[in-house]
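Subject: Structure handover

Hello,

Here is the structure for your files. My notes on the helix packing follow below.

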Amino acid sequence: MKEKKQLIEEMVKVLVNAFKIDIPEERNTGFFDVVPGAWYEKYIAAGVDTGAVKGISEEYFGVGEYVTRQDMVLLAYRFAKLAGIKFTNCEQTDIFIDKAAISSYADEAISYVAGHELIKGMDNGCFEPKQGSTRAQTAVLIYRLINFANGGQS
């Protein structure tokens, strides 16, 4: 069975729920592709209100787009920091053969999350930052972050 890729709006919903982010009463996200009243609107609005969620541009969120592995880590990292999770100085991306392929905007998040061993590369030793993340990868990362926040190991 082929693994399901993670849609951005689905991931934001999971993060908002996992980190218990308040849903705002007024929900103007500012994105043209976020349909008022759609099931995902309140979650995107909550993420935007916290500053953890940005769009693919100032006008578009990216509804219906798949989340790349680097964006999966970046979003989870931002929500984890909002929840008070402290990441110490244990940056590490040199464990990934393809570290040069990681976009600069996601480098810090991947470094800290990898440094705490909350993410691992693929079987080939690469991180594959531009590949679509799967629902399973997202779930594992969020589980590890919450466990880490509660004093557990990854």
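Contact here means heavy atoms within 4.5 Å. Helices are DSSP runs of H or I with at least four residues, and strands are runs of E with at least two, both numbered from the N terminus. This is a predicted model, in which local features need pLDDT of at least 70 and side-chain atom pairs count only at pLDDT 80 or more, while totals for chains, interfaces and linings use all residues. Residues are numbered from 1 along each chain as its sequence is written, and side-chain values use heavy atoms, leaving out hydrogens and water.

Helix H4

The buried residues of H4 pack against helix H3 (69-82) and helix H5 (135-149). Those buried residues are Ala106, Ala109, Ile110, Ser111, Tyr112, Val113, Ala114 and Gly115. Buried means under 20% relative accessible area, exposed over 50%, and partly exposed in between (1.4 Å probe, protein chains only). After H4 comes Glu117, which has a positive phi, near 60°.

Helices H3 and H5

The axes of H3 and H5 are 11 Å apart, and the two helices pack at an angle of about 25°. Axes are lines fitted to C-alpha atoms, for helices over the stretch in contact, and angles run from 0 to 180 degrees between N-to-C directions. H3 and H5 are therefore roughly parallel to each other (angles under 35 degrees count as roughly parallel, over 145 as roughly antiparallel, 65 to 115 as roughly perpendicular and the rest as oblique). On the H3 side the contact is made by Arg69, Met72, Val73, Ala76 and Ala80, and on the H5 side by Gln137, Thr138, Leu141 and Leu145. By class, the contact of H3 with H5 has six nonpolar residues, two polar and one charged. Ala, Val, Leu, Ile, Met, Phe, Trp, Tyr, Cys and Pro count as nonpolar, Asp, Glu, Lys and Arg as charged, and the others, Gly among them, as polar.

Helices H1 and H3

Helix H1 (residues 8-18) packs with H3 at an angle of about 25°, with axes 10 Å apart. That makes H1 roughly parallel to H3. Ile8, Met11, Leu15 and Val16 of H1 meet Met72, Leu75, Ala76 and Phe79 of H3. The contact of H1 with H3 has eight nonpolar residues and no polar or charged ones.

Ile21

Ile21 lies in the loop between H1 and helix H2 (41-50). At 16% relative accessibility, Ile21 counts as buried. Leaving aside residues up to four places away in sequence, Ile21 touches Val16, Ala46, Thr50 and Phe79.

Regards
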